[in-house]
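Hi,

Here is the structure I said I'd pass on. Have a look, and my notes on what turned up follow below.

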Amino acid sequence: MDSTTLALLAPRGVERIIQGQATSDGAGVRMTRLLTQDLQRRLDPFLMLDLFGTDNPGDYIGGFPDHPHRGFETITYMLQGRMRHRDSVGNNGLLVPGAVQWMSAGRGVIHSEMPEQLEGAMEGFQLWLNLPGREKMRQPWYRDIPSAEVPEWQGEGVLARVIAGQAHGVAGAVQRAATAPLYLDLHLQPGAVFGQPLPAPHNAFVVVYRGELSVAGTVVRTRRMAILANSPGSDGVVLRGGEAGARALLVAGQPLKEPIAQYGPFVMNTQQEIFQAVHDFNAGRLA
Ligand code: CO
């Protein structure tokens, strides 16, 4: 045991391993949906997680032309490739490897996310984080976080990039009061160990995107998502890098426990609010 695990006496285990579903979105972008709609209640406050990763331009070149969002936040994290964001609020940003884009759609945004390359690899994640009902109709908010501005913590054989929340005293780039999201990108050397305190009621999952790691004796392989058990009395999670090491996301958050009404890119609390969102979009009131 070392300093990264010392404080954890009752770490969580894995409840379930998710393989994800091949899907396509936008103008034919092929991706793997790891957090699907049937897991929204289980992983509240998270609504969706897509992993895109391909060397084939045909899988991504169409990008995501103009489309609306209302009622939640989108967090895009790039590993490889270049993607241009433009939105109806006037924001314009280029996502490059290691950079994060955090967009809170609030009452409404129309945006496009288009590849700015004709060949080469494109790899990254898009996570959807819900907003509490009282914040769904707020003004939109947007931030580009360049790679150099993502706070990092370094331990023995471990690099943690702290996108949101807090790890080993390092505050992440974004904090949210209602959902208390934790979003870490972890690079583990072979056999390296990383511990992270997690309140037992917070829903949490790990996504491995290179190598493999183990959680309380359960091996999690590349491109798999492990849902962590909310065992009463548990105090966190301990991840151990496999023989070739691992790169993985650790994501956790405080559940909102509100009704979830989703119609495509609109996520509200009631069907009535969904009708209103569609009506507002059709009337040009989201731009
Ligand atoms: Co979008």
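Before anything else, one cut-off: a residue is called buried when its relative accessible area is under 20%, exposed when that is over 50%, and partly exposed in between. Also keep in mind that this is a predicted model.

With that cut-off in hand, start with strand E9, residues 100–104. Five of its five residues are buried, so the strand is largely enclosed by the rest of the structure. In a regular strand, side chains alternate between the two faces of the sheet. For E9 both faces are covered: Val100, Trp102 and Ser104 are buried on one side, and Gln101 and Met103 are buried on the other. What does E9 pair with? Strand E6 (residues 72–80) pairs with E9 in the antiparallel sense, over five bridges, and Tyr77 has Val100 as its bridge partner in E9. Strand E12 (residues 141–145) also pairs with E9, again antiparallel and over five bridges. There, Ser104 stands opposite Trp141 of E12.

In soluble globular proteins, nonpolar side chains tend to be buried together. Here the largest nonpolar core has 30 residues, and the members that touch the most others are Phe125, Tyr183, Phe205 and Met225. At least three residues of this core come from each of domain 1 (24–149 + 263–287) and domain 2 (151–256). Another core, of 27 residues, lies apart from it, with Trp153, Val158, Leu184 and Ala248 among its members.

Leaving out neighbours within four places in sequence, Met225 is in contact with Arg16, Ile17, Ile18, Leu34, Leu35, Leu39, Leu43, Phe205, Val206 and Val207.

Now for the charged side chains. How many salt bridges are there? The count comes to 14. One of them joins Arg42 and Glu15, at 2.9 Å from N to O. Arg42 sits in the loop between strand E3 (29–35) and strand E4 (46–54), while Glu15 belongs to strand E1 (residues 14–18), so the pair ties together parts that are 27 residues apart in sequence. Arg42 is partly exposed at 21% relative accessibility, and Glu15 is partly exposed too, at 43%.

Arg42 turns up again through Asn203, whose side chain makes a polar contact of 3.0 Å with that of Arg42. Asn203 is in strand E19 (residues 203–215). Is Asn203 buried or exposed? At 7% relative accessibility, Asn203 counts as buried. Beyond four places in sequence, the residues Asn203 touches include Arg41, Arg42, Leu43, Asp44 and Phe46, as well as Asn230 and Val251.

A few other salt bridges to look up:

- Glu152 and Arg161 meet at 2.8 Å, N to O. Glu152 is partly exposed at 42% relative accessibility, whereas Arg161 is buried at 6%.
- Arg221 and Glu212 meet at 2.9 Å, N to O. Glu212 is partly exposed, with a relative accessible area of 28%.
- Asp25, Arg33 and Asp50 are linked in a network of salt bridges.

Cheers

Terms used. Residues numbered from 1 in each chain as written. Predicted model: local features only at pLDDT ≥ 70, side-chain atom pairs only at ≥ 80, totals over all residues. Heavy atoms only, no water. Core = buried A, V, L, I, M, F, W, Y, C linked by side-chain atoms within 4.5 Å. Buried < 20%, exposed > 50% of the residue type's maximum accessible area, 1.4 Å probe, protein only. Domains from an automatic or database assignment. Contact = heavy atoms within 4.5 Å. Salt bridge = Lys/Arg side-chain N within 4 Å of Asp/Glu carboxyl O. Helix = DSSP H or I, 4+ residues; strand = E, 2+ residues; numbered from the N terminus. Polar contact = N/O pair within 3.5 Å; in protein donor to acceptor, adjacent residues only side chain to side chain. Pairing = 2+ DSSP bridges.
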